[in-house]
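Open the model in your viewer and keep the selection panel at hand. The tour moves from stop to stop.

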Amino acid sequence: MADYYQEMGWRELEDGEQPNHLLHMARFLIDCGLYEDNFTGEWPRLPPPAAKEAVNNLKEITIEDEFDKNCPICLKKFHMNDKAKEMPCQHLFHEKCIIPWLNQTNSCPFCRYELPTDDEGYEAFKKEKKRAEQRKEDLENLHNSMFS
Ligand SMILES: [Zn+2]
Ligand SMILES: [Zn+2]
């Protein structure tokens, strides 16, 4: 039976060789398609949970008036004295609806505004995505300045 690590292209470290965490990260990013020419900017699976700290820091609101708004998760109206959480995008959710959601994935269910995560791989992915967008913008600006 082929060794799993060999199959994955790993080999044992030589004497005195340090494990290379950057290499590990690079392989991870390659697996996500980040270093391919056709980088689509899409994360291949559900983004990781929101960082605990970000969840704890969400603004807590006690609904003081009956108002004509529904929680986008359970679709029920907010009632007086309901505990609600406000995302930085200013969307309101019942506390009991949004907390389990954010334990699954980091974005607003309504507008996909993203909270930070504790996932290093995903944060690296987001940075790379931003860089790719910036590069594209720079190229467009350059193009515009050359041809206008
Ligand atoms: Zn709800
Ligand atoms: Zn939102």
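Start at the hairpin of β2 and β3, which has 5 residues between its strands. Select Q90 there: its phi is positive, near 70°. Keep in mind that this is a predicted model.

**The strands**

Show β2 and β3 together. They run antiparallel, joined by 3 bridges. Pick A84; its bridge partner in β3 is H94. Select E60 and look across to K85, its bridge partner in β2.

**Zinc ion, ligand 2**

Which protein atoms hold this ion? Select C89 (SG), H91 (ND1), C108 (SG) and C111 (SG); these donors lie 1.9 to 2.4 Å from the zinc ion (ligand 2). The site is tetrahedral, with angles of 105 to 118° among the 4 donor atoms. Along the chain the donors are spaced C-x1-H-x16-C-x2-C. Two of them, H91 and C108, link distant parts of the chain, 17 residues apart. H91 sits in the loop between β2 (83-86) and β3 (92-94). C108 is in the loop between α4 (95-102) and α5 (120-147). Is each of this pair buried or partly exposed? H91 is partly exposed, at 22% relative accessible area. C108 counts as buried because its relative accessibility is 0%.

**Zinc ion, ligand 1**

Move to the zinc ion (ligand 1). Its protein donors are C71 (SG), C74 (SG), H94 (ND1) and C97 (SG), at 2.1 to 2.4 Å. This site is tetrahedral too, with angles of 97 to 117° among its 4 donor atoms. The spacing here reads C-x2-C-x19-H-x2-C. Select C74 in the loop between β1 and β2, then C97 in helix α4: this pair links distant parts of the chain, 23 residues apart. C74 counts as partly exposed, at 27% relative accessibility. C97, at 12%, counts as buried.

**The core**

Next, find the largest nonpolar core, which has 18 residues. F78, M87, F93, L102 and L115 have the most contacts inside it. Colour α3 (52-56), β3 and α4, the elements that give two or more residues to this core. α4 gives the most, with 3 residues.

Finish on F78. Leaving out residues up to four places away in sequence, F78 touches I63, E66, F67, K69, N70, C71, A84, L92, F93 and H94.

Terms used
Residues numbered from 1 in each chain as written. Chains lettered and ligands numbered in written order. Predicted model: local features only at pLDDT ≥ 70, side-chain atom pairs only at ≥ 80, totals over all residues. Heavy atoms only, no water. Donors = N, O, S within 2.8 Å, 3.2 Å for Na, K, Ca; no water. Tetrahedral: all angles 85-135°; square planar, octahedral: opposite > 155°, others 65-115°. Helix = DSSP H or I, 4+ residues; strand = E, 2+ residues; numbered from the N terminus. Buried < 20%, exposed > 50% of the residue type's maximum accessible area, 1.4 Å probe, protein only. Core = buried A, V, L, I, M, F, W, Y, C linked by side-chain atoms within 4.5 Å. Contact = heavy atoms within 4.5 Å. Pairing = 2+ DSSP bridges.
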